[in-house]
Amino acid sequence: MSFDPDVTGALAPRGAAPDNPGPAAPGPGTVAPVAPVPVPGARLAVRRFLGHGPAVVGLAILLLTAVMAIAADWIAPYDPQAVSTALLQPPSGEHLLGTDTVGRDILSQVIHGGRVSLIVALVTGVGTLVLGALVGSIAGYYGGRVDAVLMRITEVFQVIPSFALALIIVAVLGTNLAYICGALVMALWPQMARLVRGEVLKIMTTDMVAAARTVGHSNRRIIVSDVLPNALPPLIVQATIDLGSAILLQAGLAFLGLGDPTNLSWGDILQQAQRDLSAWWMSVPAGVVIFLVVLAANFVGDGLNRALRPTSSHL
């Protein structure tokens with residue numbers, strides 16, 4: 001009997017199967033499974049995020065602002081709409097940030113105004129994420145004419161400046177808070193849709209999607225279970241940045257007198273400050289808060305980008 005050396009150098013009978021055969025090569029017509037797009041584990045992502053100082057500071061500012069807005073009824077020293085005889089008083093021990101032209105406490109207005117501004121930002125962020133993910137995923141997945149039509153629609157909205165589009169919608173529909181949120185969503189969703197489309201197009205080239213199609217998964221299941229979960233990291237980053245954009249846009253609308261008159265926001269405070277520009281304390285506090293919150297949102301977005309997409313370029 002003749003012998004052949006196996007991979008370990010030992011002798012084995014000719015034609016006998018090796019003791020430890022390697023993985024079989026895929027046969028014709030089969031698709032080798034490929035791991036999904038790699039995303040850092042939760043602990044590693046948290047470690048990377050906490051290692052980025054500006055992101056931690058930004059998160060602290062956002063959390064502090066949220067707590068301030070939620071507990072506004074308990075921490076505000078006065079009713080934000082209560083008038084008094086202390087007209088246009090500069091900051092003092094009784095009114096830490098002064099009063100406006102009708103004697104209302106500025107600090108109380110800033111605290112309560114954060115509630116409306118943050119609600120608008122959150123609703124806008126969620127709406128932008130949902131609409132952008134829906135349009136972008138359908139366009140990227142189906143391609144062809146569907147992609148062409150949806151992207152042309154997206155471009156129609158995108159060529160109009162965000163603030164101008166929101167201004168037109170609110171001016172036509174009205175200044176109700178729901179209309180303002182809808183206008184901001186319509187102004188911000190195109191960028192999210194194009195981002196989702198780009199991520200979906202990259203994921204569609206992986207064997208993961210081909211394998212899902214081979215085993216008979218429906219298009220809806222592939223999009224929901226395989227495509228969108230692997231596209232989430234950049235979407236989360238963009239949604240965080242959109243929070244700051246929504247606050248700026250809403251403040252701009254309110255400054256022009258297109259805010260909801262029944263709900264006080266930071267933009268409304270700036271609009272009221274136009275009555276007496278010499279009283280700097282009427283505009284500076286709200287302006288500083290808006291600046292800090294928007295900056296914090298961008299810091300958090302940059303930190304999430306570093307944590308979830310460590311190989312990508314930073315925002």
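Tyr141 counts as buried, with a relative accessibility of 6%. "Buried" here means under 20% relative accessible area, "exposed" means over 50%, and "partly exposed" is anything in between (1.4 Å probe, protein chains only). Before going on, note that this is a predicted model, where local features need pLDDT of at least 70, side-chain atom pairs count only at pLDDT 80 or more, and totals for chains, interfaces and linings use all residues. Residues are numbered from 1 along each chain as its sequence is written, and side-chain values use heavy atoms, with hydrogens and water left out.

| Residue | Relative accessible area | Class |
|---|---|---|
| Tyr141 | 6% | buried |
| Tyr142 | 45% | partly exposed |
| Leu88 | 26% | partly exposed |

There are 3 aromatic pairs in the structure. For a pair to count, the ring centres of Phe, Tyr or Trp (its six-membered ring) lie within 6.5 Å; planes under 30 degrees apart are stacked, over 60 edge-to-face, and the rest tilted.

Now the chain as a whole. Of its 315 residues, 41% are buried.

Next, the inside. A nonpolar core is a set of buried Ala, Val, Leu, Ile, Met, Phe, Trp, Tyr and Cys residues joined through side-chain atoms within 4.5 Å. The largest one has 41 residues, and Leu184, Ile247, Leu253, Trp266 and Ile290 touch the most other members. Elements giving two or more residues to this core include α2 (53-70), α7 (177-204) and α11 (284-308), while α4 gives the most, with 8 residues. Apart from this core lies another, of 16 residues, among them Val196 and Met208.

What does Leu253 touch, leaving aside neighbours within four places in sequence? Its contacts (heavy atoms within 4.5 Å) include Phe163, Val170, Ile180 and Leu184.

Finally, Leu88 sits in the loop between α3 (72-75) and α4. Its phi is near 50°, a positive value in a residue other than glycine.

Key:
Helices (H or I, at least four residues) and strands (E, at least two) are DSSP runs, numbered from the N terminus.
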